[in-house]
Amino acid sequence: MPGAVSEFIDDIEDLISSQDITPKERYASRKSVSVRSKKKEKKETECVEKVILESVVPGTQTIYVKTWGCAHNNSDSEYMAGLLAAHGYKLTDDKFSAQLWLLNSCTVKSPAEDHFKNEIELAQQRGIHLVLAGCVPQGAPRSGYLAGLSVVGVHQIDRIVEIVEETLKGHTVRLFGQKKTEEGRKAGGASLLLPKVRKNPLIEIIPINTGCLNQCTYCKTKHARGELGSYPPEEIVERAKQSFKEGVCEIWLTSEDTGTYGRDIGTSLPSLLKQLVSVIPAGCRLRLGMTNPPYILEHLPEVADIMQHPRVYKFLHVPVQSGSDQVLADMKREYSRKDFERVVDYLTEKVPGITIATDIICGFPTETDEDFEDTMRLCEKYRFSSLFINQFFPRPGTPAANMTRVPPQDVKKRTKKLSEFFRSYEPYTHKVGEIQEVLVTDVSHDKKYYVAHNEFYEQVLVPKEEKYMGKLVTVKITSASKFSMMGHPVDKPKMPGLVKPLKKGEVSGYWRQSKASLPVPILILLIAVVIRLLWMFI
């Protein structure tokens with residue numbers, strides 16, 4: 001059935017491709033095969049000289065923003081785009097028409113960093129100014145390919161405007177640092193009340209904390225995001241209320257581990273969720289982001305209770321990574337297989353129909369064939385409808401990078417076996433004929449349908465008619481595929497919110513509330529423009 005392709009497919013394409021396996025590794029087990037290294041022809045690429053904009057008024061240039069990685073990264077990009085747009089910069093999807101590229105990177109897997117490197121090289125060849133952001137430069141700021149380039153740290157995104165201005169003038173700015181509260185604790189990061197440009201005007205992504213408490217041996221993200229820093233609950237609630245005033249109908253809570261929220265500031269995730277559901281308008285929805293097993297275990301009854309709220313999706317992403325206790329110990333995941341099963345079993349019993357998404361890493365250095373079979377048995381037991389399968393990637397600076405790797409052919413074989421099992425069943429076939437209420441928020445990858453989600457955050461495709469976008473629609477499920485269902489509307493769409501959403505690319509934020517008085521950053525910009533013009537004509 002045609003339809004939107006799940007993120008899972010993108011992951012699998014990355015995982016089973018040959019790009020991360022060298023010819024020498026591929027044929028290591030075949031004695032009759034000799035491997036000769038092919039000499040690469042060195043391409044002479046003539047770089048275009050950058051245009052230095054010393055005499056150009058700041059805020060009049062065009063910026064292209066590219067993001068890799070998680071919802072937290074996407075939220076950071078939306079805030080940076082909002083700040084730039086609020087200061088007059090034009091945002092574009094046509095990267096070659098831009099004077100500067102803002103590249104927000106992900107350090108979880110090697111392919112994502114490779115794409116990041118390729119974009120840097122392309123910009124340098126084209127003479128385009130660069131500002132780099134995200135977990136790659138934050139986690140490894142001394143990397144050779146970052147030398148001489150401007151960088152904004154993950155906790156300094158609120159200063160993106162000054163970095164862009166200086167970069168356009170030909171200067172290199174590298175701004176790192178850690179936000180602290182008045183009491184000296186780590187803060188969550190840049191303020192949640194900054195202006196932003198949402199990638200999807202109907203969806204607000206709210207980071208509730210940054211960093212985590214774990215010390216996973218394979219993870220590079222901790223190097224970038226650091227220790228746990230939670231945002232005050234009142235700031236999160238205010239951001240949510242502001243979003244609904246701007247026509248948002250769906251909120252995503254995100255962080256490196258939502259289950260740890262509040263442990264550093266004397267509160268908890270259930271406490272925050274109870275405050276949030278009280279301000280969600282009728283018909284709007286809240287989606288809770290990823291949480292690791294050790295911390296959600298502490299709050300199972302409260303989380304199950306909140307998941308039954310009609311304005312909260314019955315969906316939870318709980319990465320298990322392996323079904324083997326030995327591998328989990330080597331990963332330093334701080335829970336056992338039984339702990340994970342307790343989470344799944346409890347939530348499945350208390351919240352009938354709940355969607356549990358999980359992650360698996362194939363080929364962790366200490367994983368044996370028997371360890372992998374434990375993982376297979378776990379997946380066979382639960383037959384997860386959403387399963388993200390990853391090959392192990394050694395990330396520089398992590399303990400696991402120094403461990404002896406599983407032979408690449410074995411990693412590939414295990415990945416293929418688990419992937420084939422996942423593809424062998426269709427989780428939604430039994431729902432054909434059901435009547436469901438879905439919230440329409442996006443367009444499918446093939447542009448043929450609108451994408452909606454039911455109460456379990458399962459994907460339902462509906463006809464691409466403008467009257468459905470941003471609305472609650474009652475549909476009859478007519479067919480199902482591996483990743484989605486097809487819904488035929490059987491009633492008039494209902495408007496969940498009372499406010500028309502912002503236009504795509506329009507800036508949100510508190511500075512919009514008072515049109516009578518301009519915000520301080522805009523006033524400063526206007527004063528600077530006037531002074532510059534006076535200086536030019538005197």
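In which loop is P319 found? Before I answer, a word on the model: it is predicted, so local features need pLDDT of at least 70 and side-chain atom pairs count only at pLDDT 80 or more, while totals for chains, interfaces and linings use all residues. Residues are numbered from 1 along each chain as its sequence is written, and side-chain values use heavy atoms, with hydrogens and water left out.

P319 sits in the loop between β12 (315-317) and α12 (325-331), where helices (H or I, at least four residues) and strands (E, at least two) are DSSP runs numbered from the N terminus. P319 has a relative accessible area of 3%, and therefore counts as buried, that is, under 20% with a 1.4 Å probe and protein chains only. Leaving aside neighbours within four places in sequence, P319 is in contact (heavy atoms within 4.5 Å) with residues including M290, R333, Y335 and D359. The C-alpha atoms of P319 and M290 are separated by 7.6 Å, although the two residues lie 29 residues apart along the chain.

Turning to the helices, the axes of α8 (residues 233-245) and α9 (residues 269-277), which are lines fitted to C-alpha atoms over the stretch in contact, with angles running from 0 to 180 degrees between N-to-C directions, come within 10 Å and cross at roughly 30 degrees. That makes α8 roughly parallel to α9, the term for angles under 35 degrees. At this contact, P233, I236, V237 and A240 in α8 meet L272, Q275 and L276 in α9.

Note on methods
Parallel < 35°, antiparallel > 145°, perpendicular 65-115°, else oblique. Buried < 20%, exposed > 50% of the residue type's maximum accessible area, 1.4 Å probe, protein only.
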